[in-house]
Amino acid sequence: MKIDTLPIPKALRDAYSALGISELYPPQAECIEAGLFERKNILAAIPTASGKTLSCLLPVFAKLLEIPDATALLIYPTKALTRDQLLTIQEMDSALNAKEQGLQYMTEIQSRRHVPKSARAHGLF
């Protein structure tokens with residue numbers, strides 16, 4: 001399944017293209033076919049490095065871009081996974097030119113000091 005066929009904002013398609021991602025892995029496509037964009041609960045029990053992160057973050061970024069006042073809360077169970085996810089989110093942040101898109105995210109460390117009123121994606125990183 002090609003990224004450019006997905007029901008996502010053009011800015012998100014362009015960001016994935018800038019990251020060199022043009023096609024989904026089969027497990028990612030299966031998540032889409034199972035109703036990922038219809039807000040269905042999906043359990044993806046697939047091996048490491050097979051695309052769970054993209055499957056999870058794709059609809060999150062899509063909604064944040066589509067709905068100006070949307071907010072996302074991302075919570076991860078371990079610090080190691082949190083660090084990996086933060087790197088992925090930072091790559092997407094850069095590819096999206098997130099500030100131009102009106103996106104901000106904050107980390108747990110930042111949240112202990114000050115939560116910007118404009119922050120729309122929160123994560124316990």
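Visitor: Is Ser55 buried or exposed, and what is its relative accessible area?

Guide: A residue counts as buried when its relative accessible area is under 20%. In this predicted model, Ser55 has a relative accessible area of 8% and is therefore buried. Ser55 belongs to helix α3.

Visitor: Which backbone atom lies 3.0 Å from a polar atom of the side chain of Ser55?

Guide: That atom is the backbone oxygen of Gly51.

Visitor: Which residues are in contact with Ser55, leaving aside its neighbours within four places in sequence?

Guide: Ser55 is in contact with Gln28, Cys31 and Leu36. Of these, Gln28 is placed in helix α2, and its relative accessibility of 5% is why Gln28 counts as buried.

Visitor: What does Gln28 contact in turn, with neighbours within four places in sequence left aside?

Guide: Gln28 is in contact with Ser50, Gly51, Leu54 and Ser55. A C-alpha to C-alpha distance of 9.3 Å separates Gln28 from Cys56, and the two are 28 residues apart in sequence.

Visitor: Which residues of α2 are buried?

Guide: The general idea is that an α-helix has 3.6 residues a turn, so residues three or four places apart point the same way. In α2, the buried residues are Pro27, Gln28, Ala29, Cys31 and Ile32. The cover over these buried residues includes α3.

Visitor: What follows α2?

Guide: Gly35 follows α2, and its phi is positive, near 110 degrees. Arg39 also deserves attention: its phi is positive, about 65 degrees, although Arg39 is not a glycine. Arg39 sits in the loop between α2 (26-33) and α3 (52-66). Arg39 counts as exposed because its relative accessibility is 75%.

Visitor: Where is Gln85 placed, and with which side chain does Gln85 form a polar contact of 2.9 Å?

Guide: Gln85 lies in helix α4 (residues 79-96). The side chain of Gln85 is joined to that of Thr53 by a polar contact of 2.9 Å. Not counting residues up to four places away in sequence, Gln85 touches Thr53, Leu57 and Tyr76. Gln85 counts as buried because its relative accessibility is 6%.

Visitor: How is the packing of two helices to be read, and at what angle do α1 and α4 pack?

Guide: Two packed helices are described by the angle between their axes and the distance between the axes. Here, helix α1 (residues 10-18) packs with α4 at an angle of about 115 degrees, and their axes are 8 Å apart. The two helices, α1 and α4, are therefore roughly perpendicular to each other. Their crossing is right-handed.

Visitor: Which residues of α1 and α4 meet?

Guide: From α1, Ala11, Leu12, Ala15 and Tyr16 take part; from α4, they meet Met92, Ala95 and Leu96. The residues of this contact divide into 7 nonpolar, no polar and no charged.

Visitor: How many helices and strands does the chain have, and what pattern do they follow along the sequence?

Guide: The chain has 6 helices and 3 strands. Along the sequence, the pattern is α-α-α-β-α-α-β-α-β.

Visitor: What share of the residues of the chain counts as buried?

Guide: The share that counts as buried is 36% of the 125 residues of the chain. As for contacts across the sequence, 52% of those with a separation of 6 or more are accounted for by residues 24 or more positions apart.

Terms used
Residues are numbered from 1 along each chain as its sequence is written. This is a predicted model: local features need pLDDT of at least 70, side-chain atom pairs count only at pLDDT 80 or more; totals for chains, interfaces and linings use all residues. Side-chain values use heavy atoms; hydrogens and water are left out. Helices (H or I, at least four residues) and strands (E, at least two) are DSSP runs, numbered from the N terminus. Buried means under 20% relative accessible area, exposed over 50%, partly exposed in between (1.4 Å probe, protein chains only). A polar contact is a pair of N or O atoms within 3.5 Å; within protein, one must be able to donate a hydrogen and the other to accept it, and residues adjacent in sequence count only if both atoms are side-chain atoms. Contact means heavy atoms within 4.5 Å. Axes are lines fitted to C-alpha atoms, for helices over the stretch in contact, and angles run from 0 to 180 degrees between N-to-C directions. Angles under 35 degrees count as roughly parallel, over 145 as roughly antiparallel, 65 to 115 as roughly perpendicular and the rest as oblique. A crossing is left-handed if the near helix is turned anticlockwise from the far one by less than a right angle, and right-handed if clockwise. Ala, Val, Leu, Ile, Met, Phe, Trp, Tyr, Cys and Pro count as nonpolar, Asp, Glu, Lys and Arg as charged, and the others, Gly among them, as polar.
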